[in-house]
Amino acid sequence: VHTPEIPPSVDVCLLEDETGSFIDDIANLQNPATIAAIYDDVTAEAPDAQFAVAGFRDYNISPYGGGGDWVYQLYSSMSPTFNDWEAGVNSLSAGGGNDSPEAQYDAIVAAVAGPTDYEPDSVGSQEDCGWRDDDTVTRVLVVTTDAAFHLPGSGKPHANDLADTVAALDAQDVIVVGLKASGAGGELDALAAATGGSVQALSSDGSNIAAAILAGLEDIDIEVAMT
């Protein structure tokens, strides 16, 4: 049985780290050639692919985040159209974040299971990535980060830990592909292992993001059924 390198029908939601340390990564991602390469490389293998773009920072509560920060924001919902993908990527920006760990767990849960309104966010209620309600579609959340994940704790606003996040991902049949830059901990590895995904190394400036996304999608297992 010869299977395609990428699942033939796939929803890809890019959940991008938008804290200050990702300023060069986002600049490289927004290169028109990179935006087109990601879209073209995926749709060449999976013509039925759809794309969404979202970002995360942290709660705008000191010491976790800075003023104007937010946990999760959706920029473009799932769409097969290149212009929607391009607009979503170009809406990303870098700033804030304050302390080193970020609110990745809460952002991931929002991306897969929204709508979510994390108070005291400045962006209001945000929908999930807009996953298609179709059992034949493989759902993939591509998470980029160079930081550890905040955990819930006494007096902290963070709501989800590893177990909560895996449960939310499993409930929506979402696979995590982690793009891990220097400084990230083992959380992406744990999420990828729990959902059947993979982790790819991201260069310090994110210049290899197109290749890393493609490699991550190619590492996903494809289910083959007998008929």
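This is a predicted model: local features need pLDDT of at least 70, side-chain atom pairs count only at pLDDT 80 or more; totals for chains, interfaces and linings use all residues.
Residues are numbered from 1 along each chain as its sequence is written, and side-chain values use heavy atoms, with hydrogens and water left out. Local features need pLDDT of at least 70 and side-chain atom pairs count only at pLDDT 80 or more, whereas totals for chains, interfaces and linings use all residues.

**Largest pocket**

The largest pocket holds about 590 Å³ of space. A pocket here is an open set of points on a 1 Å grid over the protein atoms alone, where a 1.4 Å probe fits, with protein on both sides within 12 Å along at least five of seven lines; lining residues have an atom within 4 Å of a point. The volume is the space filled by probe spheres set on the points, which are joined across faces, edges and corners. Of the 25 lining residues, Asp-135, Val-137, Thr-138, Ile-175 and Glu-223 are the closest to the centre of the pocket. The lining comprises ten nonpolar, six polar and nine charged residues. Strand E4 (138-145), helix H5 (162-171), strand E5 (174-180) and helix H6 (187-195) each contribute at least two residues, and H5 has the largest share, with three. Helices (H or I, at least four residues) and strands (E, at least two) are DSSP runs, numbered from the N terminus.

**Buried charged residues**

Asp-17, found in strand E1 (residues 10-17), is buried but has no salt bridge, the nearest side chain of opposite charge being that of Arg-57 at 7.1 Å. Buried means under 20% relative accessible area, exposed over 50% and partly exposed in between (1.4 Å probe, protein chains only); a salt bridge requires a side-chain nitrogen of Lys or Arg within 4 Å of a carboxyl oxygen of Asp or Glu. The side chain of Asp-17 makes a polar contact with that of Thr-145 at 3.0 Å.

Arg-57 lies in the loop between strand E2 (50-56) and strand E3 (72-79) and counts as buried because its relative accessibility is 9%. A polar atom of its side chain lies 2.9 Å from the backbone oxygen of Glu-18, and one lies 3.3 Å from the backbone oxygen of Gly-95.

**Backbone geometry**

Most residues other than glycine have a negative phi, and most peptide bonds are trans.

| Residue | Phi |
|---|---|
| Asn-98 | near 55° |
| Asp-173 | near 55° |

Asn-98 counts as exposed because its relative accessibility is 53%; Asp-173 is likewise exposed, at 61%. The peptide bond from Ser-62 to Pro-63 is cis, with omega near 10°, and a cis bond with omega about 5° joins Gly-114 and Pro-115.

Technical notes:
Ala, Val, Leu, Ile, Met, Phe, Trp, Tyr, Cys and Pro count as nonpolar, Asp, Glu, Lys and Arg as charged, and the others, Gly among them, as polar. Lys and Arg count as positive and Asp and Glu as negative; His and the chain ends are not counted. A polar contact is a pair of N or O atoms within 3.5 Å; within protein, one must be able to donate a hydrogen and the other to accept it, and residues adjacent in sequence count only if both atoms are side-chain atoms.
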